[in-house]
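Let's take a friendly walk through one protein model. Have a look at the sequence and the 3D view, and then we will explore a few spots together.

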Amino acid sequence: MEREIDLKAAINAISDVVQNRPRPLRELDQIYMKTGDMVLQSELIAYWARDKKLAFIGDGDAISISIAYLKARGILDYGPSEITVFDFDERICNAVRRFADNEQIDFLHSRLYNCIDPFPACGQFDCFYTNPPWGASNGGESVNVFVGRGMEAVGYRGEGVIVIADDEALSWPQQVLASVQMSALNNGFFVQQMTPRLHSYHLDDAPDLKSCNLFIRNIPGVLGREGESLPVTDEAKLANFYGSNQPPTIHYVREKNRVDYGKANNDEYSFELIEKDR
Ligand SMILES: C[S@@+](CC[C@H](N)C(=O)[O-])C[C@H]1O[C@@H](n2cnc3c(N)ncnc32)[C@H](O)[C@@H]1O
């Protein structure tokens, strides 16, 4: 099906979302997607998840808000019936909540959650989306933790989109892609589709590194892992989670001051006044 959108209205809407995004914490792998890619990605995911309950396992990019806003403003006439963001950064969860309140979007929610902990809403969603720490130093273990939570979110029966690095000139993204696909198969999911080298990021040390969309779906008739959701405790898996020798040590990122991200902070500048007797 050909889908058409009013591009100017969509770009301006995403501009509102970007104004609301907390500044990224680079040490926690918050690296934001560029705005043009956000527009196209939001439209794609809104269509893919139309009329479904969608869980985001982490979402600094704010694709969740973008999708909800495009739908709420009538720029898209399709989209998920419900969106919940699970993120360990309270600034991100609060930014989602404030945006939803201001725009009266009643189907957009957020929940403070660290993916090291058991997942609190197993089987409550139809599909999931994750753009996790890309696993350059851990062979994809960090990606598999986030994807595992997504699988729990859909009760091992549903679909997911995984957004991870994709670069044919580097070994590690290909190794991570292979590890994620093997882990998906081991958990009863197959790769339905992969759209290569699609998105760019505000990534100063690797500005050309792109990510792909990897679409997975549960294999009909194959049962995924059963039982309760468990914490991640395997130290070998966690040792290089955020980079070489950078295991998770932060449970939650707390919001200290409610800052207006769209405006300069008072501590960024001072005024030098015009002298009266000039
Ligand atoms: C790790 S970043 C990946 C890059 C992505 N482009 C972004 O910045 O959103 C994805 C999201 O995961 C969240 N995150 C990182 N570690 C997490 C954890 N242990 N549990 C839950 N969310 C986490 C970050 O706060 C961020 O919003």
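What covers the buried residues of α4?

## Around helix α4

The cover includes α3 (63-72), β2 (82-87) and β3 (108-112). Before going further, note that this is a predicted model: local features need pLDDT of at least 70, side-chain atom pairs count only at pLDDT 80 or more, and totals for chains, interfaces and linings use all residues. Residues are numbered from 1 along each chain as its sequence is written.

Helix α4 spans residues 90-102 (helices are DSSP runs of H or I with at least four residues, strands are E runs of at least two, both numbered from the N terminus). Its buried residues are R91, I92, C93, A95, V96, F99 and A100; buried means that 20 or more other C-beta atoms lie within 10 Å of a residue's own, exposed means 12 or fewer, and partly exposed is in between, with C-beta atoms placed from the backbone. Just after α4, Q104 has a positive phi of about 50°.

## V96 and the core

V96 is among the residues with the most contacts inside the largest nonpolar core, along with I162, I164 and V180. That core has 65 residues (a set of buried Ala, Val, Leu, Ile, Met, Phe, Trp, Tyr and Cys residues joined through C-beta atoms within 7 Å). Leaving aside neighbours within four places in sequence, V96 is in contact with S64, I65, V85, L108 and S110 (contact means C-beta atoms, placed from the backbone, within 7 Å).

## An exposed loop residue

E226 sits in the loop between β7 (210-218) and α7 (235-238). E226 counts as exposed because it has 7 C-beta neighbours inside 10 Å. From C-alpha to C-alpha, E226 and Y156 are 8.5 Å apart in space, yet 70 residues apart in sequence.

Methods:
The expected span of a helix is 1.5 Å times one less than its number of residues. Two residues are in contact if their C-beta atoms, placed from the backbone, lie within 7 Å.
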